[in-house]
Amino acid sequence: MLTEIEIVLNRVHMDRLVKRRDRITARLTELDPQLRQLEKETLIYDEKAAQPRRNLLTYLANFHRTEIDQVDSALSRMATGRYGVCLACNGRVEPDWLDSFPEAEFCSTCYRLRERMGSG
């Protein structure tokens, strides 16, 4: 059962996550037309010259889509009452860790362990 403080913190984290998802979605909305425009221009101009920009825009779009997935996953865990529970050890994710990373799936200990093992 969540304490009153945890309920308030969850609301704060939910607001932050929703606002973050909105910002990321807006950024993706900007990137997609840039990629389409680049593809049109590439037909006219040099393909090789356009490749670095295409790579950057594609990387950014994929990065932002991954971020949205992480945010949506955190919101889903909130809806099911699993928010703040480490997916590896089932312990509580530290409040300060969630303050820094509201989308966190793992407690700081399990996260660092996964990073050291190369599966982060």
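Start by selecting Y111, which is partly exposed, with a relative accessible area of 35%. Keep in mind that this is a predicted model.

**Stop 1: the W97 and Y111 rings**

W97 is buried, at a relative accessible area of 14%. Y111, at 35%, is partly exposed. Their ring centres are 5.6 Å apart and the planes sit at 55 degrees, so the pair is tilted. W97, F101 and Y111 form one aromatic cluster.

**Stop 2: the Y59 and F63 rings**

The structure holds three aromatic pairs. Select Y59 and F63 for another of these. The ring centres of Y59 and F63 are 6.3 Å apart, with planes at 20 degrees, so this pair is stacked. That angle falls under the 30 degrees that the stacked label requires. Both residues belong to helix 2 (residues 47–79). Y59 and F63 are four residues apart there, about one turn of the helix. Colour by accessibility next. Y59 counts as exposed, at 54% relative accessibility. F63 counts as partly exposed, at 40%.

**Stop 3: salt bridges**

How many salt bridges does the count come to? The count is seven.

Select R20 and E67. Their side chains meet in a salt bridge, 3.0 Å from N to O. R20 lies in helix 1 (residues 4–44) and E67 in helix 2, so the bridge ties together parts that are 47 residues apart in sequence. Are R20 and E67 buried or exposed? Both R20 and E67 are buried.

Move to D32 and R65. The closest N and O atoms of this salt bridge are 3.3 Å apart. D32 is in helix 1 and R65 in helix 2, and the pair links distant parts of the chain, 33 residues apart. D32 is partly exposed, at a relative accessible area of 25%. R65 is also partly exposed, at 37%.

Then select R77 and E105. This salt bridge has an N to O distance of 3.9 Å. R77 lies in helix 2, while E105 is in the loop between helix 3 and helix 4, so the bridge ties together parts that are 28 residues apart in sequence. R77 is buried, with a relative accessible area of 7%. E105 counts as partly exposed, at 28% relative accessibility.

Salt bridges that share partners join R20, E67 and E103 into one network.

**Stop 4: the nonpolar cores**

Select L17, Y83, C86 and V93. The largest nonpolar core has 14 residues, and L17, Y83, C86 and V93 touch the most other members. Helix 2 and helix 3 each supply at least two residues of this core. Which helix gives the most to it? Helix 2 does, with four residues.

Zoom in on Y83. Leaving aside residues up to four places away in sequence, Y83 touches N10, H13, L17, A74, R77, M78, R92, L98 and P102. R77, the salt-bridge partner of E105, is one of these contacts.

Now look for the second group. Another core, of nine residues, lies apart from the largest one. Its members include L31, L35, L38 and L57.

**Stop 5: the cysteines**

Show the cysteine sulfurs. The structure holds zero disulfides. C89 is in no disulfide, and its nearest cysteine sulfur, that of C86, is 3.7 Å away. C86 was among the core residues at the previous stop. C89 itself is partly exposed, with a relative accessible area of 43%.

A disulfide calls for sulfur atoms within 2.5 Å. C107 is buried, with a relative accessible area of 6%.

Definitions and conventions:
Residues are numbered from 1 along each chain as its sequence is written. This is a predicted model: local features need pLDDT of at least 70, side-chain atom pairs count only at pLDDT 80 or more; totals for chains, interfaces and linings use all residues. Side-chain values use heavy atoms; hydrogens and water are left out. Rings of Phe, Tyr and Trp (its six-membered ring) pair if their centres lie within 6.5 Å; planes under 30 degrees apart count as stacked, over 60 as edge-to-face and the rest as tilted. Buried means under 20% relative accessible area, exposed over 50%, partly exposed in between (1.4 Å probe, protein chains only). A salt bridge is a side-chain nitrogen of Lys or Arg within 4 Å of a carboxyl oxygen of Asp or Glu. A nonpolar core is a set of buried Ala, Val, Leu, Ile, Met, Phe, Trp, Tyr and Cys residues joined through side-chain atoms within 4.5 Å. Contact means heavy atoms within 4.5 Å.
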